Amino acid sequence: MREKLIEKGLLLVAFSAVAMIFLIAYLIFREGVPLVAKVGVWDFIASTRWAPSKGSFGILPMIVGSLEVTLLAVIIGATLGLSCAMFLAEFAPRWSVRILKPMIELLAGIPSVVYGFIGVVVLIPFIRRTFGGPGFSVLAAAIILGIMILPTVIAISLDALNAVPPLYKEGSLALGATRWQTLHRVVLPAARSGIIAAFILGMGRAIGETMAVIMVAGNALTMPTSLLQPVRTLTSNIALEMGYASGDHQAALFATGMVLFVIIAILNTIALVIARPRT
Amino acid sequence: MGKRLILRGVNLDIEANTIVSVIGPAHSGKTTLLRVINRLIETQREFMRSGDVLLDDAEVRRLDIDVLRRRVGLIFATPVPLPGTIFDNIAYGPRLQHHHRRQQLADLVEHSLRSAFLWDEVKDRLSTSALRLSGGQQQRLCIARTIAVDPEVIMMDEPTSGLDPISTAQIETAMRELKKQYTWVLVTNNTKQAARVSDKVAFFLSGELIEMGEAAQIFTKPKDPRTDDYVSGRIG
């Protein structure tokens, strides 16, 4: 009897988590869909003019901005993160792993507003002086995000590397392969799906991040044509304007969330498909 | 912390082109002996050894580790095909050394598979995954893979412990046939197997080499009573 009760209780909790996702999706879509229907799907996602007070709702520059910032952030985070994971998994002495791993995990606990703050104080002036432009830019946002996704990328790709059976490594070493040859010819291919999943989950984090991006990206409503230009992402758009939006304007922000929701759902699906163990 | 002596006072000669079996109960240091010889032991933390391990006349620690491991191959108890095709598995070692043309590589793969008596079974599916082979085939694949890097010595760590009698017989045949080209060191828990294939047998107990001699002598009139107990099945 007690068994049954606990079982049912856990089932209920599990389903309420799923219900939450559907609830969020429902609310966003309920508010967003009518506006998109009114403006037209194509005009909404492919027009470059965003002027809510004049009835223009085109979010293309923000879609492009989000994707551009995210892609660059993943390139930065994946390169640094995978290198770091490879070092920790294969080369680092035991004592250094004991120090490095908790410190990397600590990165995940720093509030995003602090990342943004460091970006404004250190990174923006640096970019302005070195490359010119306003400093608030695609590049600044991508670098900050690249650092922010490091803990995700490192933790998941490290797990993937450590999950490769030691017998593979020894088999390769016994054939005269060096440690590096073993790593890049045996361990990396064997951990491939886990590593890709790490990148995609990092990508999901990057595309959803808001506060740090608002602080360093400049938030201009133009099509970003250079990495040194300011940019506004989908998430920034919602956060910046939700405070005073009403009517169609507010609905358009929900619709922006809808687009974001769809993009993230697509990324997660890709991650699931790739991370599935090959049979 | 955790210091443990695994092998002590071991002194043995392995002659070229013979099959030497190393027998003894579990935890007598047989596997460690093999891993000391090809220095795979160095992948473990905190390991020390004193004394010399000589390959021809060179201390193994003086040799480049990749050269040493090509000269002295090691085959594990569990056959582990690398992820990839049968061809890729055999070509793995040669490819590490970069200087192979396609045709040369194909010839080498065929030669290695023939040597391990596997060619006829896999020649039509070289580009399928090695993981689909049976256990016995996988172990012969591992032997072929080792042969492909042209070793002088092939060490095997209980290579047939997970295999059926037919696969075991195939591997023993391969060893006998290839004695002309390689020196074999066979760690085995199966004293009957040691009796079937070896020229010489070394008996280990608790990290010590108790006795080494011609196979016939070890199994019929061992000098040490402990050897007698083990080969006659009273201990171990």
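Here is a walk through chain B as a whole, one of its loop residues, and then a helix in chain A.

This is a predicted model, so local features need pLDDT of at least 70 and side-chain atom pairs count only at pLDDT 80 or more, while totals for chains, interfaces and linings use all residues. Residues are numbered from 1 along each chain as its sequence is written, with chains lettered from A and ligands numbered from 1 in the order in which they are written.

Let's start with chain B, which has 10 helices and 8 strands (DSSP runs numbered from the N terminus: H or I of at least four residues for helices, E of at least two for strands). Its C-alpha atoms fill a box of roughly 55 × 40 × 35 Å along the principal axes. Of its 236 residues, 39% are buried, meaning that 20 or more other C-beta atoms, placed from the backbone, lie within 10 Å of a residue's own; 12 or fewer makes it exposed, and anything in between partly exposed.

Now zoom in on B:His100, in the loop between α3 (86–96) and α4 (102–115) of chain B. B:His100 counts as partly exposed because it has 15 C-beta neighbours inside 10 Å. Leaving aside neighbours within four places in sequence, B:His100 touches B:Pro94, B:Arg95 and B:Leu105 (contact means backbone-placed C-beta atoms within 7 Å).

Over in chain A, helix α9 (residues 179–190) has A:Thr182, A:Leu183, A:Val186 and A:Val187 buried. Down the axis of α9(A), the buried residues fall within an arc of 130°, so they line one face of the helix (the arc is that of the directions from the helix axis to the C-beta atoms). Their cover includes α3 (60–91), α7 (150–162) and α8 (166–174) of chain A. Turned away from that buried side are the exposed A:Trp180 and A:His184.

Definitions and conventions: Two residues are in contact if their C-beta atoms, placed from the backbone, lie within 7 Å.
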